[in-house]
Amino acid sequence: MSKVINVSAADWKTAVIDRSYKTPIVVDYWAPWCGPCRMIGPILERLVADPSSTFILAKLNTDENQQIAMQYQIQGIPAVKAFVNGRVVDSFVGALPESQIRAFIQRLPSASGKAAPKKKAKKAAGTAAERLQKARALLERGKGCSAKIQLDGLTDPAAKKLMPLAVFLCSMGRGGGNDDLSIAYEQVARAINKRDYPTGLYKMLVILKQDKGYRNGEAYDVVMGLFELMGDGHELTQAYRPLVG
């Protein structure tokens with residue numbers, strides 16, 4: 001079996017979390033546009049190819065798997081995280097020299113060899129209407145992660161509109177780069193988190209004017225979620241909705 005695998009959200013649990021109970025998994029978070037990623041990728045592949053290596057290298061394209069990147073708070077790439085026994089035991093960000101990456105690999109602990117324990121999914125209590133109301137209140141306080149739990153599984157159109165906003169705030173934007181759009185995206189999250197909706201909407205409008213499909217449409221969905229949160233009668237919704245389209 002290959003020591004280098006490509007993983008996605010679909011097989012993340014089995015390929016990374018569950019498998020890390022048998023052998024350490026080193027995850028290389030990368031994207032096609034990331035120049036430094038092309039520097040450390042070959043180093044990791046060279047180290048895992050060594051006959052004495054005891055880890056598996058899993059490569060995750062963050063552009064195609066943003067939810068996983070958000071879950072593990074990837075703020076910039078290249079980023080590397082080592083998983084052992086189902087949890088992150090070490091990590092680094094940036095293009096480190098080979099000597100430091102080799103030292104990172106050498107200090108990895110061994111896996112326990114025990115099967116991953118089964119966990120009960122955390123569920124939000126209350127009726128659908130109550131959960132939606134709680135989610136709105138949480139989003140108004142900038143509590144994206146808690147709101148996401150309340151919205152999870154709800155089929156109400158309003159809940160579906162609010163979910164991208166909850167995910168966005170839960171990850172605090174996850175700009176993940178030093179370019180102007182990524183920086184602005186983080187600034188939008190901070191503004192909305194502080195209920196500074198005028199600033200957040202203005203900066204998001206600037207982003208959408210440059211790239212309406214920014215982050216595969218995520219930016220647009222976040223704005224729609226904010227409109228849903230504020231309501232159709234809010235002056236900002238009325239002012240910005242025609243501009244967003």
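What is the torsion about the S-S bond of Cys 34 and Cys 37? It's about 85°, so this disulfide is right-handed. A quick note before the views: this is a predicted model, in which local features need pLDDT of at least 70, side-chain atom pairs count only at pLDDT 80 or more, and totals for chains, interfaces and linings use all residues. Residues are numbered from 1 along each chain as its sequence is written, and side-chain values use heavy atoms, with hydrogens and water left out.

**View 1. The whole protein has 11 helices and five strands.** Helices (H or I, at least four residues) and strands (E, at least two) are DSSP runs, numbered from the N terminus. The C-alpha trace spans about 65 × 40 × 25 Å along its principal axes. Of the 245 residues, 47% are buried; buried means under 20% relative accessible area, exposed means over 50%, and partly exposed is in between (1.4 Å probe, protein chains only).

**View 2. Cys 34 and Cys 37 form a disulfide.** Their sulfur atoms sit 2.3 Å apart, and a disulfide here is a pair of cysteine sulfur atoms within 2.5 Å. Cys 34 counts as buried, at 3% relative accessibility. Cys 37 is buried too, with a relative accessible area of 6%.

**View 3. Another disulfide joins Cys 145 to Cys 170.** Here the S to S distance is 2.0 Å. Cys 145 belongs to helix 6 (residues 144-151) and Cys 170 to helix 7 (residues 157-170), so the pair ties together parts that are 25 residues apart in sequence. With 90° about the S-S bond, this link is right-handed. Cys 145 counts as partly exposed at 41% relative accessibility, and Cys 170 counts as partly exposed at 30%. The protein's disulfide count comes to two.

**View 4. Lys 81 is buried yet has no salt bridge.** Look for Lys 81 in strand 4 (residues 79-84). The nearest side chain of opposite charge is Asp 90, 9.0 Å away; Lys and Arg count as positive and Asp and Glu as negative, while His and the chain ends are not counted. A salt bridge would need a side-chain nitrogen of Lys or Arg within 4 Å of a carboxyl oxygen of Asp or Glu. Leaving aside neighbours within four places in sequence, the residues in contact with Lys 81 include Ile 25, Val 27, Tyr 72 and Asp 90, where contact means heavy atoms within 4.5 Å.

**View 5. Lys 59 and Glu 45 meet in a salt bridge.** The N to O distance is 3.6 Å. Lys 59 lies in strand 3 (residues 56-61) and Glu 45 in helix 2 (residues 37-49), so the pair ties together parts that are 14 residues apart in sequence. Lys 59 is buried, with a relative accessible area of 13%, whereas Glu 45 is partly exposed at 35%.

**View 6. Glu 98 and Arg 102 pair up within helix 4 (residues 98-106).** They're four residues apart, about one turn of the helix, and their salt bridge is 3.2 Å, N to O. Glu 98 counts as partly exposed at 25% relative accessibility, as does Arg 102 at 35%.

**View 7. Glu 228 forms a salt bridge with Arg 136.** The closest N and O atoms are 2.7 Å apart. This pair links distant parts of the chain, with Glu 228 in helix 10 (residues 218-230) and Arg 136 in helix 5 (residues 128-140), 92 residues apart. Arg 136 is partly exposed, with a relative accessible area of 22%.
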